[in-house]
Amino acid sequence: MTRGRIITLLTDFGLADAYVGIMKGVVLGITPEVTAVDISHLVPPQDVSSAAFLLLTAYRYFPEDAIHLAVVDPGVGTSRRAVALGTEHGLFVGPDNGIFSDVLLDQGAVENDGQLGPDVEAVELANESFRLHPVSSTFHGRDVFAPAAAHLARGVRLQQLGPRLESLRLLAVPAPVRRGGALEGAIRYIDRFGNAISNISRHDLPPEAWVEAGGRRFQGFSTSYQEGDLVAIMGSAGFLELAVRNGSAADVLGLRVGDPVTVRSG
Amino acid sequence: MTRGRIITLLTDFGLADAYVGIMKGVVLGITPEVTAVDISHLVPPQDVSSAAFLLLTAYRYFPEDAIHLAVVDPGVGTSRRAVALGTEHGLFVGPDNGIFSDVLLDQGAVENDGQLGPDVEAVELANESFRLHPVSSTFHGRDVFAPAAAHLARGVRLQQLGPRLESLRLLAVPAPVRRGGALEGAIRYIDRFGNAISNISRHDLPPEAWVEAGGRRFQGFSTSYQEGDLVAIMGSAGFLELAVRNGSAADVLGLRVGDPVTVRSG
Amino acid sequence: MTRGRIITLLTDFGLADAYVGIMKGVVLGITPEVTAVDISHLVPPQDVSSAAFLLLTAYRYFPEDAIHLAVVDPGVGTSRRAVALGTEHGLFVGPDNGIFSDVLLDQGAVENDGQLGPDVEAVELANESFRLHPVSSTFHGRDVFAPAAAHLARGVRLQQLGPRLESLRLLAVPAPVRRGGALEGAIRYIDRFGNAISNISRHDLPPEAWVEAGGRRFQGFSTSYQEGDLVAIMGSAGFLELAVRNGSAADVLGLRVGDPVTVRSG
């Protein structure tokens, strides 16, 4: 017996208003056989880059047939496209504003110019049959995206939702740069604990590396938040992060998203 | 195969404490065959009017047999009645303090004095068999309302829960007033994005209307939040709202719930 | 037809990041036949005592076969043990840092020195087969605890998870002390409404008692938050609490966790 497909939800709608509950009502009205899982609804308003990062850290922990509904959509009501993607690791539904950049790059499924590779299929959500009517100009999460995800969950094929797309908009996702002997990255995300997570991945790190950030130098890498007052650590998403024992590295070091993090070796 | 009935939850219990989880435990202990959907638990404490508005914006997006459990209940432990309602679009369980006003008015199911029409059935939750015991004096969400909703979900009929009621308390829900050539309404709700939502509905609007609010005049209506820095727009719940592109209209205009919004035409 | 076991989640991970959603993805990937229920994810960071109290107030409202996953874990990555417990009222999975103290004491299942009684079975989560690999050093909620809970939910026996433990770490849970004619307790928790909940239980109270807290004296006990501006009331979790009508007792009285509450009688 199956519980049906998983639909994850990631938005900037917050938890005070009814918007998220309404989307779930729409989904369950189309197909009751789904399990809805919230990724986050507290993405800072209109912050597509943070949403893209959160989705990156989460999607591989869901089954391959999960449907990830991601709606951080400052362009709602404009001509930005609504899309659905089928990849080797999950389906994705949301606006074509770069919110799926990290996931596509992580899968090696997209070129830097947004051209899609052979392992991903993308369509524009143009088929009026799979929307609520009338479609509002301000809440496509309810009227366009939730219905598309629900119809996919009940077995509608991606191709039925609309015409195929060859490319998608990508975020200018910041990537670390090698300069001389150093690797220059940046803070990508700061979590609830004040851990400052960089865009420098496990694979980028030279052996014997040390880290500079927030005007401090971190010698070596710790394996626990408790190892020192202030530690550089390989975080759970596979990125170098800076942390303070039982406190906030962001506060202590004054770090914000975009601030530089440099790794040197030797 | 069905996943069972939907029970939505709307409270002012917040998300830091265990109150909401406890209510779900009670529901699932009575009937595991339900899908719980959160509408919001961040209603400002004791703000029955905001809860009534959120429920209005949400309930039509759920199946008609959904059970809506709404507990913003400053009078818990006093003589205010606990009620359950059966309507043409959903069942409702909560305190008789006006929290269902908007939903009943929206369905044309109640007179302005609270007399119920023929399309709604209401009962007082008086039957001790459908409560937890002992009933606490401070948490009827757990001891009275969640059990009632769960028993309805597993097939108990409304009439079994207690004696029939002929009328309910209504909120003094503010309605727009026509004065001269103008329609005078008010801000009813401010959402996470700072969009200021009025009580003026799509159906109230004259053609060629313009709007005054927060000391500004808005000419015409926009169809996207991106159309101007400051826009009047028909929001997703069917009410006129004021919005700021990628910002908060409430902050920019200094708008608060209750502030006037005037529509003029010609 | 069953919906499968309930897994509750209690963490300090917050709701802005993806951590909670990721844990649910891991659980559902191991066994789709569970119903996940959030207790709270807004426990103050690293506040094991508040988490222990919230779990105490919640666990008896869930079925006896529910699995309670509690991850407030400042020692993640250190040598603190990961454990699972089977009790007469629920299974529990989390770090061995005292987070289950209140639940075990409430069941009379543990001595004050942490020795476990005959009605509880505890194991260390040592079996590598029931973890994600590689195990990160910072997110055992994802890699150790969620998998253990999911495997228990799908029928794995407690003993399969690792070797049996004879004792657990307990919090120094503050208990009220009798001194002369008075019972001296303390504020244990402050909820969203500002209700200040003490560690003095219904069973500790003498008849005809009165209460001192925050420099005020409360004569007798109220049965509703509406009975006075400032009331002492037996709260829904069975503990004496101080409340302000439609306001915050914590703010009005300047009460914080740990502040004294004294009950006198006669």
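This is a predicted model: local features need pLDDT of at least 70, side-chain atom pairs count only at pLDDT 80 or more; totals for chains, interfaces and linings use all residues.
**How the chains relate**

- Two copies of a chain are related by a rotation about an axis and a shift along it.

- Chain B has an open sheet of seven strands with mixed pairing, and the strands come in the order β2-β1-β3-β5-β4-β6-β7.
- At the edges sit β2 (34-40) and β7 (164-165) of chain B, each of which pairs on one side only.
- Strands of a sheet pair through backbone hydrogen bonds, either parallel or antiparallel.
- For β4 (residues 82-87) and β5 (residues 90-95) of chain B, the pairing is antiparallel and runs over six bridges.
- If you want a spot to look at in that pair, find B:L85, which stands opposite B:F92 in β5(B).

**Helices that pack on the sheet**

- Helix α1(A) packs on this sheet, touching β1 (5-11) and β2 of chain B.
- The direction of α1(A) makes about 150 degrees with that of β2(B).
- Helix α2 (residues 48-58) of chain B packs on the sheet too, touching β1, β2, β3 (67-71) and β5 of chain B.
- The direction of α2 of chain B makes about 150 degrees with that of β1(B).

**Helix pair α1 and α4 in chain A**

- Two packed helices are described by the angle between their axes and the distance between the axes.
- In chain A, the axes of α1 (residues 19-30) and α4 (residues 140-153) come within 9 Å and cross at roughly 40 degrees.
- α1(A) and α4(A) are therefore oblique to each other, and their crossing is right-handed.
- On the α1(A) side you'll find A:I22, A:M23, A:V26, A:V27 and A:I30, which meet A:G141, A:R142, A:A146, A:P147, A:A150 and A:H151 in α4(A).
- Sorted by class, that contact has eight nonpolar, two polar and one charged residues.

**Helix pair α1 and α4 in chain B**

- In chain B, the axes of α1 (residues 19-30) and α4 (residues 140-153) come within 9 Å, crossing at roughly 40 degrees.
- That makes α1(B) oblique to α4(B).
- The crossing of α1(B) and α4(B) is right-handed.
- Residues in the contact include B:I22 and B:M23 of α1(B), along with B:A146 and B:P147 of α4(B).

Notes. Residues are numbered from 1 along each chain as its sequence is written. Chains are lettered from A and ligands numbered from 1 in the order in which they are written. Side-chain values use heavy atoms; hydrogens and water are left out. Axes are lines fitted to C-alpha atoms, for helices over the stretch in contact, and angles run from 0 to 180 degrees between N-to-C directions. Helices (H or I, at least four residues) and strands (E, at least two) are DSSP runs, numbered from the N terminus. Angles under 35 degrees count as roughly parallel, over 145 as roughly antiparallel, 65 to 115 as roughly perpendicular and the rest as oblique. A crossing is left-handed if the near helix is turned anticlockwise from the far one by less than a right angle, and right-handed if clockwise. Contact means heavy atoms within 4.5 Å. Ala, Val, Leu, Ile, Met, Phe, Trp, Tyr, Cys and Pro count as nonpolar, Asp, Glu, Lys and Arg as charged, and the others, Gly among them, as polar. Two strands pair if DSSP finds at least two bridges between them.
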